[in-house]
Amino acid sequence: MEGNSLPEEDVEMMENSDGMKTVESFPMVEPFIGMKFESEEAAKSFYDNYAICMGFVMRVDAFRRSMRDGTVVWRRLVCNKEGFRRSRPRRSESRKPRAITREGCKALIVVKREKSGKWVVTKLEKEHNHPLLPLSPNVRRNPPLPQTPDEKDAKIRELSAELSRERRRCTALQQQLDMVLKEMEEHSNHLSVNINNVIQSVRQIESNTFTKPLS
């Protein structure tokens with residue numbers, strides 16, 4: 001590390017011989033005002049690893065762009081419990097309320113790009129308003145294992161079978177709907193015939209009444 005500047009390769013999590021990424025490969029360094037990084041990604045990587053060691057989750061928050069070329073020149077990184085979730089009316093009383101994920105935590109770090117191209121910490125808040133769960137240095141962050149060809153084929157067969165079941169279900173529902181519509185049409189035609197018969201009967205009665213000679 002040269003002065004207060006942290007090169008990007010010094011803040012990346014390294015892989016050991018079996019390919020697992022470990023936290024212990026990253027030396028614990030406390031952030032401070034004036035701390036410098038070679039790039040924005042280096043600052044993000046540093047704060048993400050710092051968050052892991054301290055026991056919180058980083059969230060990439062607001063940014064500002066240069067009016068001249070549109071590149072990002074200012075970035076704010078926060079705790080994922082920053083702010084509060086907007087309250088929305090519940091659609092149903094039977095639905096369970098969602099877990100509280102934001103608690104108004106003010107912990108953050110703000111980095112700004114200098115004319116030299118390096119990024120410097122201009123604002124810092126370390127205090128959290130919620131418990132932290134530090135990750136043991138010996139705990140490994142296992143990356144998701146890639147699926148084998150057999151697993152992929154099994155997943156494809158499973159999804160294909162599910163799709164086939166849904167198609168059969170849709171076909172059965174369509175047949176039932178067609179039957180209901182046919183019955184409704186037959187019933188409507190039957191009613192129309194009955195109504196026409198009643199109208200004809202009424203007209204016949206009226207005709208006979210008015211054409212009958214007076215005695």
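**Cavity and salt bridges**

Reply: Happy to! The largest cavity has a volume of about 40 Å³. Keep in mind that this is a predicted model.

Me: How many cavities of 30 Å³ or more does a search of the whole structure find?

Reply: The search turns up one.

Me: Which residues line the largest cavity?

Reply: Its lining is made of Tyr47, Tyr50, Met54, Phe56, Leu124, Glu125, Lys126 and His128.

Me: And which element gives the most to that lining?

Reply: That would be helix α1, with three residues. Both α1 and β7 (119–125) supply at least two residues each.

Me: OK, new topic. How many salt bridges are there?

Reply: The count is nine. As background, side chains of opposite charge can pair when their charged atoms come close.

Me: Which residue does Lys44 meet in a salt bridge at 3.5 Å?

Reply: One partner is Glu40, with 3.5 Å from N to O. Another is Glu41, and that salt bridge is also listed at 3.5 Å, N to O.

Me: Where do Lys44 and Glu40 lie?

Reply: Both are in helix α1 (residues 40–54), four residues apart, which is about one turn of the helix. Glu41 and Lys44 also lie in α1, three residues apart, again about one turn.

Me: Is Lys44 buried or exposed?

Reply: Lys44 counts as buried because its relative accessibility is 17%, and the cut-off for buried is under 20%. Glu40 is buried as well, at 14%. Glu41 has a relative accessible area of 43%, so Glu41 is partly exposed.

Me: Let's go elsewhere. What does Glu82 form a salt bridge with?

Reply: Its partner is Arg59, and the closest N and O atoms are 2.5 Å apart. Glu82 sits in the loop between β5 (72–79) and β6 (108–113), while Arg59 belongs to strand β4 (residues 58–65), so this pair ties together parts that are 23 residues apart in sequence.

Me: Are those two buried or partly exposed?

Reply: One of each! Glu82 is partly exposed at 23% relative accessibility, whereas Arg59 is buried at 18%.

Me: Last one: which residues do salt bridges with shared partners join into one network?

Reply: That network holds Glu40, Glu41, Lys44 and Arg75.

Technical notes
Residues numbered from 1 in each chain as written. Predicted model: local features only at pLDDT ≥ 70, side-chain atom pairs only at ≥ 80, totals over all residues. Heavy atoms only, no water. Salt bridge = Lys/Arg side-chain N within 4 Å of Asp/Glu carboxyl O. Buried < 20%, exposed > 50% of the residue type's maximum accessible area, 1.4 Å probe, protein only. 1 Å grid on protein atoms, 1.4 Å probe; cavity = no way out; pocket = protein on both sides within 12 Å on 5 of 7 lines; lining within 4 Å. Points joined across faces, edges and corners; volume = space filled by probe spheres on them.
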